Amino acid sequence: MAEMVKDENERDGRYNPAAIEPKWQARWDADPALYAAEGHDSGKPKYYCLEMLPYPSGQLHMGHVRNYSIGDALARHMWMRGYNVLHPMGWDAFGLPAENAALKNNTPPREWTLKNIAAMKTQMRRMGLSYDWANEVTTCLPDYYRWNQWFFLKMFEKGLAYRKKSKVNWCPDCQTVLANEQVINGRCWRHEETIVELRDLTQWFLKITKYADELVEGLDKLEGWPEKVRTMQRNWIGRSEGALVDFAVDGASAVTAGPSTSPSTHSVRSGSVQDDTCKAITVFTTRVDTIFGATSVQLAPEHAVAKAFAAEDAELAAKVEALLEEQKKARESDALGAIEKHGVNTGRFAVNPFNGVKVPIWVGNYILADYGTGAIMSVPAHDERDFEFATKYGLEIKRVIAPKDGGEPELPFTAEEDAVLINSGEWDGLGCVDAQQKLSSLAKEQGFGEPTVTYRLKDWGVSRQRYWGTPIPMVYCQNGHAGVEAGGVVALPESALPVLLPEQIEITQEGGSPLGKVADFLNTTCPVCGGPAKRETDTMDTFVDSSWYFYRYTDAKDSTVPFASEKANYWFPIDQYIGGVEHAILHLIYSRFWTKVMRDLGLIKNDEPAERLFTQGMVIKDGAKMSKSKGNVVSPDLMIEKYGADATRMYALFAAPPDRDLEWQEEGVAGISRFLGRVHRLATKYAELVREGQSPQLASRTQTDQKLLRKLHQTIAKVTQDFGGRWHFNTSIAAIMTLINEIVATEAAMDAGEVSPAAVAEIFRNLVLLLAPFAPFFAAEMWEQMGGEGVVFRAAWPVADEDLARENEIEIPVQVNGKLVNVVKVAAGSNDDAVKAAASSDEKVKARIEGKTVVKVIVVPNKLVNLVVK
């Protein structure tokens, strides 16, 4: 065997990723079919593996590398398992940073974006990531965003896209709307001294609330999603069951009348109860069972009734305006939840329809016009917020709920279960839950209310006063025509798509949307009457782009449809989606909504976009998440230059479980590089032996063969289990390291011929296959040196032999009265008597129990033995 051993002192024989990795990347780049998915008729099970697409900022950092390394390892593993794998990549390419770069560097957004994409794509190739670039998607190109416009038109046809006024963050200096993320401590992120205002602007919305129930109910079916993400979505959607109740506005300022237990005969439900006549105030409550304890009605400062009262009373108007200013300031500083509660009594009354009692109408700074109905009934005895307000202003506090077993608990008493109504007339003694159903039904019968469901979720505002986004395919007919008034909205026909962004444009981020200043874009003709028209100058929210991009991957070059339904139906739902938990709310809710809309349009059959979701942990450096804004980014280019792509990737997978945060340590990358160098030394040393070796026959195995093969097949079982379960790739790589240690410990025996060539061949071939998903360049090189056939990550994944993996002996801890004394070895599969005998005969155990009586011997199979003595 000695003549087969290479001289380890030869520099050419050392692990050199700078030579190995470019060699293999050049080969892979020359084979466009290498990572391509096969046809639907391949006969293989399909597997759609997807990492969330990045924004092309220009440079990858180690947070990206971690995300993509997880998906890449999984995709390669599934190829080796015999699956037809779709593993694409694209670019979430629209967004405000491109406009900022245009201002800073005088570079057009398109040029800046495409340059960054090219740079990041080069980095991804250098990392050896297994993407099918033939299905690449770039959302800022017309071949993609024309379908954003097509979907918008379809939603408009279905009544899912509409315009209305809404409150937006507005920077007076930028003269544009800001996203919530661009408001920092109530100020513009670009103008640190400029307080952001809330303004009412007419915006385009998508009616996501139509799918609110289905979005909530569908979460129960997403068993492959983290519970944390599902909980975050449930809370964001905020489904609440309750009742709408109309409190009639009393015509005179009168003292509270005596209580009545019969419903008021006054009904205001005929027609609109919340119209300009202000005949009634509609409240939403989840606790209609407490309505007999309502001692006031409270309005948002912008509520129609509050405005009507203020219009008649200048002093009240000033107080309501002050409350509104307090609310605005709290919104701007993101402190609305902690606002100090203030209110003003209007001097007017509303009538409780259940008992005819008149209660004062107040206006509160903590009541929001755009939440619920903008009005609440205040029940201070049974609501903490109401109790705080009533105590501050001396309002009546009336107890109407009590424990089922009696007593007067401290107020506020908010229980529903095991609680009953009191001081509620004929409803006394009724359980709270039962009372909620009966009182809601009564309100509907009598015409002053109805059971209902409300949501925290609001319709999705998609208008942005920016240039670098998808143009909204609507125009405003200047003259008007049949069915459309002058200046009215007209949808463009599909034949007019795409509405292209003008390329030569001045971006100032002042004075509204830049598109409004481009006459050639703005001025057009009405597609219905042919008269003059103005284009919509807002562009779409970039979350539109990322809501359906993964469907386009299945048919990325089709110019006739967004994607072919038969292709999407083959690949969907995504088998594994991978990305950060920070996307749990917006992107993942919007993409679920978009999927349901496409299903209802007949484009797809699936209800949800992804079967399984994995949210990886962050990469932490210097105590903070690695990001360009924090200045703590580590470039993978530097790590690759020093240690190689394989070492960089493996470190990202080894340093922590994938779902946990990873504390960046460059020494860890160096350690992985040394480990690969160790494997390289062994693999090249025995490569020729591996090329000649065949699988060992059972009868020809030596004792050392058995020992090494046992560790090999235990490692195969461990790594396979990790891929099929929680993806603890750190323990997979640790198991491979343990296998290497075993090989090194047996190296002298191998050199002396005590290990059969066939066993050496089996061990090293399977070692390389185990490394292939984690270190593809390295594995490809070793596979070639060992004479492996074909592409290493298209070779069959090794299968653990249970008989070979089974230990001959196992170690059993022995305790005396619960304290560890020693560890004994017994034959695997030993019965309890054999284990007891081994424990009792151990010298350390015998010394510990000498002179004592063994009362009981407890055996936990394959775990421990405990001798109870006295």
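Is Asn817 buried, exposed or partly exposed? Asn817 is partly exposed, because its relative accessible area is 44%, where buried means under 20%, exposed over 50%, and partly exposed in between, with a 1.4 Å probe and protein chains only.

Hello everyone, and thanks for coming. Before we go on, a word on the source: this is a predicted model, in which local features need pLDDT of at least 70 and side-chain atom pairs count only at pLDDT 80 or more, while totals for chains, interfaces and linings use all residues. Residues are numbered from 1 along each chain as its sequence is written, and side-chain values use heavy atoms, with hydrogens and water left out.

Let's start with the whole chain. The protein chain holds 27 helices and 34 strands; these are DSSP runs numbered from the N terminus, with helices being H or I of at least four residues and strands E of at least two. Its C-alpha trace spans about 110 × 85 × 50 Å along the principal axes. Of the 870 residues, 53% are buried. If we take contacts with a separation of 6 or more, 74% come from residues 24 or more positions apart, a contact being heavy atoms within 4.5 Å. The accessible surface is about 38,000 Å², and carbon and sulfur atoms own 48% of that; the areas are Shrake-Rupley values with a 1.4 Å probe.

Glu51 stands opposite Ile578 in β26.

Now please look at β11, residues 280-285. How many of its six residues are buried? Six of the six. Ala280, Thr282 and Phe284 cover one side, with Ile281, Val283 and Thr285 on the other, and they are all buried. Strand β10 (residues 240-249) runs antiparallel to β11 and is joined to it by six bridges; Ala248, for instance, has Ala280 as its bridge partner.

Next, some backbone geometry for those of you who like torsions. Most residues other than glycine have a negative phi, and most peptide bonds are trans. With that in mind, here are some exceptions. The bond between Leu411 and Pro412 is cis, with omega about 0°, and Pro412 sits in the loop between β16 (401-403) and β17 (419-421). In that loop we also find Asp418, whose phi is positive, near 55°. Asp418 counts as exposed because its relative accessibility is 61%.

Another cis peptide bond runs from Phe572 to Pro573, with omega near 0°. Pro573 lies in the loop between α14 (565-571) and β26.

And that brings us back to Asn817, which is not a glycine and yet has a positive phi of about 50°. Asn817 lies in the loop between β31 (809-816) and β32 (819-827).

One last stop: Ala304 belongs to helix α8 (residues 304-311) and counts as partly exposed, at 34% relative accessibility. Ala304 and Ala369 are 65 residues apart along the chain, with 9.2 Å between their C-alpha atoms.

That's my tour, and I'm happy to take questions.

Key
Two strands pair if DSSP finds at least two bridges between them.
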